[in-house]
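Hi there,

Here is the structure I promised to pass on. Have a look at it first, and then read on for what turned up.

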Amino acid sequence: MTVDVDTVGPTAPEPADLFDGHPDPVLYYADEGHGTVVRAANDAFGETFDVPVERIEGTPLSEALLVAGEETVDAEAVTAGGLDRIVDCETTAGTERFRLRTIGNGETGYLLYTPQTSSAAA
């Protein structure tokens, strides 16, 4: 028996210029049928987390969720949609807080890391 698999969504972020030019770290992910993988990471992601963006492409999403400490975010929560939490992540400047949220339809989407500024007084 032969089974044809059609790609449902685009394999690259669209529009690419909005993705590439976004000032915050962004991952573009897609369900490949055998699991959700990172299809692209913007330059801000690579610079913030000191990760070569070309190396992260094709990585399972679960391995690309750069959440520090005891916190966990699982890939299923990302692809289920509606993820919107504050998390700590290790960056080139040390541990920083980010608002981690998804935008997408479940099979493809974006994972946005929005830096949170600290307003707490010492």
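Let me begin with Asp84, which is partly exposed at a relative accessible area of 43% (buried is under 20%, exposed is over 50%, and partly exposed lies in between, using a 1.4 Å probe and protein chains only). Before going further, a word on the source: this is a predicted model, in which local features need pLDDT of at least 70 and side-chain atom pairs count only at pLDDT 80 or more, while totals for chains, interfaces and linings use all residues. Residues are numbered from 1 along each chain as its sequence is written, and side-chain values use heavy atoms, with hydrogens and water left out.

**Salt bridges**

The side chain of Asp84 forms a salt bridge with that of Arg99, at 2.7 Å from N to O (the term covers a side-chain nitrogen of Lys or Arg within 4 Å of a carboxyl oxygen of Asp or Glu). This pair links distant parts of the chain, 15 residues apart: Asp84 is in strand E3 (residues 84-91) and Arg99 in strand E4 (residues 94-104). Strands (E, at least two residues) and helices (H or I, at least four) are DSSP runs, numbered from the N terminus. Arg99 is partly exposed, at 29%.

The count comes to three salt bridges. Another joins Asp88 and Arg97 at 2.8 Å, N to O, and Arg97 has a relative accessible area of 43%. Arg39 also pairs with Glu32, with the closest N and O atoms 3.5 Å apart; Arg39 is partly exposed at 27%, and Glu32 is partly exposed at 34%.

**The sheet**

Five strands make an open antiparallel sheet, in the order E2-E1-E5-E4-E3 (two strands pair if DSSP finds at least two bridges between them). Strand E2 (36-41) and E3 are at the edges with a single partner strand each, so one side of each has no neighbour in the sheet. From one strand to the next, the twist averages 35 degrees (axes are lines fitted to C-alpha atoms, and angles run from 0 to 180 degrees between N-to-C directions). E1 (residues 26-31) and E5 (residues 108-115) pair over five bridges, and Leu27 has Leu111 in E5 as its bridge partner.

**Around Thr91**

Thr91 belongs to strand E3 and is buried, at 12%.

Best wishes
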